[in-house]
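Biologist: I'd like to go through this one with you, and I'll keep asking how you know what you say. Ready when you are!

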Amino acid sequence: MRETDILVVVDVQNDFCPGGSLAVPEGDRVVPVINRLAGQFAHVVLTQDWHTPGHLSFASAHAGRKPFETTELAYGTQVLWPDHCIQNTPGAAFHAGLDVNRAELIVRKGFRSGVDSYSAFFENDRKTPTGLGGYLRERGFKRAFFVGLATDFCVRYSAEDAARLGFEAVVIEDACRGIGANGSMEAALDSFRKSKVRLAQSSSVAREAA
Ligand SMILES: [Zn+2]
């Protein structure tokens, strides 16, 4: 890969894997694919969903509401999730099989109790930056490849924000898995087509060098 390429590994955490509180079907299957891909990149960053207890995106924070229903918050429509990825809990830890030692940065997100953060670049108010955009720009990265969980939420919004910020954005499909809530997978694929996000397969990524 080029020196200006970076692999962004999104939320490969226990709560998003089978047995976790917000398990993505086959979520753990991405781990060997990502480990293999990571070896092909000179640069890797990780994101980590990192919520306060009682976070406003949790259904449990809203009387009478159930997970996967939506609600209107100050910044727009929010899906209500089961409690997940609470700071310093085993569910928030990276999957034990993920080879994370080479990662140069871990971006934590969703740590403000009143606003969720799907994207690695902006919180769900679409305005508050995480700092990752500046980090990538300052270090001279031009192209970001996205892998991890889940295709239809955090991977989707991260890749679209990267494209919006002027980076070349590629989602490596077979290194991601989706949640599939209320047509969210179809919406994500449709949105990728409309935005400048490109889809690729892990087998072809190695051939994209230079
Ligand atoms: Zn979350």
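Biologist: Which residues of α3 meet which residues of α4?

Modeller: T151, D152, F153, R156, A159 and E160 in α3 meet S184, M185, A187, A188, S191 and F192 in α4. To meet, heavy atoms have to lie within 4.5 Å. By class, that contact has 6 nonpolar, 3 polar and 3 charged residues. Keep in mind that this is a predicted model, where local features need pLDDT of at least 70, side-chain atom pairs count only at pLDDT 80 or more, and totals for chains, interfaces and linings use all residues. Residues are numbered from 1 along each chain as its sequence is written, and side-chain values use heavy atoms, with hydrogens and water left out.

Biologist: Why are α3 and α4 called roughly parallel?

Modeller: Helix α3 (residues 151-164) and helix α4 (residues 184-194) pack at about 15°, with their axes 9 Å apart. Angles under 35 degrees count as roughly parallel, so α3 and α4 get that label. The crossing of α3 and α4 is left-handed, meaning that the near helix is turned anticlockwise from the far one by less than a right angle.

Biologist: How many aromatic pairs are there?

Modeller: A search of the whole structure finds 7. Rings of Phe, Tyr and Trp (its six-membered ring) pair if their centres lie within 6.5 Å; planes under 30 degrees apart are stacked, over 60 edge-to-face, and the rest tilted.

Biologist: What makes F41 and F145 an edge-to-face pair?

Modeller: Their centres are 5.2 Å apart and there is 65° between the planes; the limits are within 6.5 Å for pairing and over 60 degrees for edge-to-face. F41 sits in the loop between α1 and β2, and F145 in strand β6, 104 residues apart.

Biologist: How do you know whether F41 and F145 are buried or exposed?

Modeller: Buried means under 20% relative accessible area, exposed over 50%, and partly exposed in between (1.4 Å probe, protein chains only). F41 has 2%, so F41 is buried, and F145 has 0%, so F145 is buried too.

Biologist: What about F68 and W81: why is that pair edge-to-face?

Modeller: The ring centres of F68 and W81 are 5.8 Å apart and the planes stand at 90°, so edge-to-face it is. F68 has 35% relative accessibility, so F68 counts as partly exposed, while W81 with 4% counts as buried. Together with Y118, F153 and Y157, F68 and W81 form one aromatic cluster.

Notes:
Axes fitted to C-alpha atoms, helices over the stretch in contact; angles between N-to-C directions. Helix = DSSP H or I, 4+ residues; strand = E, 2+ residues; numbered from the N terminus. Parallel < 35°, antiparallel > 145°, perpendicular 65-115°, else oblique. Nonpolar A, V, L, I, M, F, W, Y, C, P; charged D, E, K, R; others polar.
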